[in-house]
Amino acid sequence: MERNTPYDTGKVKIGLLYTQPPPLSTPESDWIQGVLLGDDPSWSEETRTCVQSLVAIAITIIGILLLGGFKNA
C-alpha cells in the first residue's frame, strides 16, 4: 500500500519536501549526453576490432569484384 506524501500526523507533515530520485542512467543515455556535450566517442576494443574486420572484408570483396570477379565460380 502506497501512501501519498506528505503524510500528515497532525503536527508534522512527513515527506513534504520529498522528491523522487532521478532514474539511473543507461549506457545509451550516457552516450547521447556525451555526443551532445562534444565528448569524443569511445569504442570498446571489441567494437573497434569488429568494425575493422568488416571494413577489411568489404574492401577485399570489392577488390575481387573490380578485378574481374571469380573466374571459376
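This is a short talk on one protein model, going from its overall layout to a few single residues.

First, a caution: what you see is a predicted model. The mean pLDDT of the protein is 83, and 86% of the residues reach at least 70. Strand β1, residues 7–8, has the lowest mean pLDDT among them, at 81. Helix α2, residues 45–66, has the highest, at 91.

Now the layout. The protein contains 2 strands and 2 helices. Going along the sequence, the order is β-β-α-α.

How much of this chain is buried? Of its 73 residues, 1% count as buried. The protein exposes about 7400 Å². Carbon and sulfur atoms supply 63% of that area.

Let us start with the strands. Y7 sits in strand β1. Setting aside residues up to four places away in sequence, Y7 touches V12, K13 and I14.

Next, helix α1, which covers residues 27–37. L36 belongs to this helix. L36 has a relative accessible area of 71%, so L36 counts as exposed. L36 is also one member of a nonpolar patch on the surface.

W43 is partly exposed, because its relative accessible area is 47%. Which residues does W43 contact, leaving aside neighbours within four places in sequence? The answer is R48 and V51.

That brings us to helix α2 itself. It has 22 residues. From its first C-alpha to its last, α2 spans 32 Å, which is close to the 32 Å expected at 1.5 Å a residue. Just after α2 comes a glycine to look at in the structure: G68 has a positive phi of about 115°.

To recap, the pattern is β-β-α-α, and 1% of the residues count as buried.

Methods:
Residues numbered from 1 in each chain as written. Predicted model: local features only at pLDDT ≥ 70, side-chain atom pairs only at ≥ 80, totals over all residues. Heavy atoms only, no water. Patch = residues over 30% accessible without salt bridge, like charges linked within 9 Å, V, L, I, M, F, W, Y side chains within 5 Å. Areas by Shrake-Rupley, 256 points an atom, 1.4 Å probe, with all protein chains shown as cover. Salt bridge = Lys/Arg side-chain N within 4 Å of Asp/Glu carboxyl O. Helix = DSSP H or I, 4+ residues; strand = E, 2+ residues; numbered from the N terminus. Buried < 20%, exposed > 50% of the residue type's maximum accessible area, 1.4 Å probe, protein only. pLDDT = per-residue confidence, 0-100. Contact = heavy atoms within 4.5 Å. Expected span 1.5 Å × (residues − 1).
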